[in-house]
Structures are given as structure tokens and as C-alpha cells.
Amino acid sequence: MSTPLSELPIRRLTMGDLISCADLSEDRGWPREEHKWGLLLTAGTGYGIDDPAGKGLMTACVVTSYGSGLAAIGMVLVAERFARQGVGRRLMKRVLEVVGETPVALHATPNGQPLYEELGFMNTGRAEMVCGYFHASGPAAEVPTRPATAEDLQAVLRLDTEVFGLDRTHMITRLPAFADQLRVAEEGGILTGYAAAWPNMGTQVVGPLIARDTETAKALIASLAAGTDRPLRTDIDVRHKELLTWVKKHGLEPIAFNAVMTYGIPGLPGDWTRRFAPLTVAAG
């Protein structure tokens, strides 16, 4: 006699589940994103339910904790054969129980947004995904950038904490190994921005992108584009209208919108005016 779906155990995922997580992504028509899954499973905590038929995972998600200030939920997926049977809702409820009083944030696809709203999440922002080959044109950026060095790490961490509003040391210190490029902008010896580009399937994802102003953000994107022959992909806060117009003018095409949603907090902490793109999009 088979066990009802509502009684199947929810367990912690490990790096040993990486291929099953990628298979689950592929099952739902997402890119496999093994590189991103690897980062999230090591820096965060994965949760999932095994398919009772032994066919990998039925559902999965990852929680990245930033202390008591915020938990980010990402990669919320349910295998197509178990869709619309309450599996994702059960997993999300369990995760919310685990994080307790900690505020929660996620990026929601249009498909996932209704469930999150039912669970009490509020729509507090919007990000636009753009992708394409960056075509440099016009005068060169006036803001100089350069590859980050090991000596820049502490300054990057200080700037990131200031702008993000919480300590992300456990994520940011993984960037040099995770990303193909990590670049910084500085003026008078003071770091004014930094950005990473990391491999994801056939693209280079730009994120995080933190900068003093839009011109600095443009310079960082242009410098990352110059360092790869792959198309760029990034998710930009829609309030940064000037940057979105600029990247589209230089070849990146709009792909989709994701809702930025929060639970237990009226909006993301930190300074959105200097936060242009996230490290990874926690979509579901």
C-alpha cells in the first residue's frame, strides 16, 4: 500500500542530491543549473521529498540564511508528475516552520506567485530578467574597473554588508571560486562597486551587481561583457530604469519578470539604490 503524499518525509538535501536537483529543474523545463545548485546546496540548506517510486526528487527548495535578519528561499520546484497535488505547498509550509520568526524573501515566477500569496507573502518589488550578447558602442565608460584581488575581499565584504543590509560573508567569500570574473570599481582607494559573472549553461550571469550609481553599474557590466564571449544574463530591479534601458540598447533582450516577495518584513533590507542585481534569483 503506497504512502499518501502528505505523509512522505521531508528531508535535508546534501551535495549528493545535486544531480537529482538538476534533474528536477530539467523536468520542469528549467536549465539544469548544476553550478548554481552546487553553490546553494553548500552555502544554504536544501529540503526535499523523495519520489516514492525511486525516480529522484518529487520536490525541492533551498534556504539561504543571513542570520536572524533574513532567509532567502530559492529553487522551489515540484516534478511535473506531482504538480497541483499540494506537494509544493507542504514543502513551503515546512520551510516557514523551520525558519520560525526569521523574515523570508524570494523571487517568484508568475506560476509560483499565487501559492506564495496564499501563504502570506507580500509582493514588495519586481525584477526584470534580460539576456543577450552585449554590444559595446559609444564612448568607453568613464568609471575605471579592474579585476578583484585577494586584497579586495574585506572591502567587498564591507560594501556588500552596507548595501545588502546583512552580513553575507558565507556567500561572498565563495565568489572567487564560483565566478569566472569578479571586478571592482574604486575611486581614491575607496571601493564604489563590485560585480561577478558566473557560468550558467550557455550564459554568463551577472550578479551580484552593487554600485554607487548607474554609471558605475554600467562600467562593471561592460567590463564583464568584455571578458566573455557568452551572452550575459541578469535580473535588474525595475526601479533602475536607466540601467535597464541601457542594457537593452546594448543588445540584451527582456525575457521575463519575477516578483520580489517577502514574508514577515515589509521589504528587503539595505539600500536598493545601490543594489542593481542579486547574486542568484530565488525563483519558484
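## A helix pair and a few local details

Let's start with two helices: the axes of H8 (residues 214–226) and H9 (residues 241–249) come within 10 Å of each other and cross at roughly 30°. Keep in mind that this is a predicted model, where local features need pLDDT of at least 70, side-chain atom pairs count only at pLDDT 80 or more, and totals for chains, interfaces and linings use all residues. Residues are numbered from 1 along each chain as its sequence is written, and side-chain values use heavy atoms, with hydrogens and water left out.

Two packed helices are described by the angle between their axes and the distance between the axes. Here, axes are lines fitted to C-alpha atoms, for helices over the stretch in contact, and angles run from 0 to 180 degrees between N-to-C directions. Helices (H or I, at least four residues) and strands (E, at least two) are DSSP runs, numbered from the N terminus. H8 and H9 are therefore roughly parallel to each other (angles under 35 degrees count as such). Their crossing is right-handed, meaning that the near helix is turned clockwise from the far one by less than a right angle.

Which residues of H8 and H9 meet? On the H8 side they are Thr-214, Glu-215, Ala-217, Lys-218, Ile-221 and Ala-222, and on the H9 side Glu-242, Leu-243, Trp-246 and Val-247, with contact meaning heavy atoms within 4.5 Å.

**Glu-118 and Arg-89**

Over in helix H4 (residues 113–118) you'll find Glu-118. Its side chain makes a polar contact with the side chain of Arg-89, at 2.8 Å (a pair of N or O atoms within 3.5 Å; within protein, one must be able to donate a hydrogen and the other to accept it, and residues adjacent in sequence count only if both atoms are side-chain atoms). Glu-118 and Arg-89 are 29 residues apart in sequence, and their C-alpha atoms are 9.5 Å apart in space.

**Backbone spots to look at**

Two residues other than glycine have a positive phi, as the table shows.

| Residue | Phi | Loop |
|---|---|---|
| Met-201 | about 55° | between strand E9 (190–200) and E10 |

Is Glu-33 buried or exposed? Glu-33 counts as buried, at 5% relative accessibility, while Met-201 counts as partly exposed at 48% (buried means under 20% relative accessible area, exposed over 50%, partly exposed in between, with a 1.4 Å probe and protein chains only).

Finally, strand E10 (residues 203–211) holds Pro-208, and the peptide bond from Gly-207 to Pro-208 is cis, with omega near 0°.

Methods:
Parallel < 35°, antiparallel > 145°, perpendicular 65-115°, else oblique.
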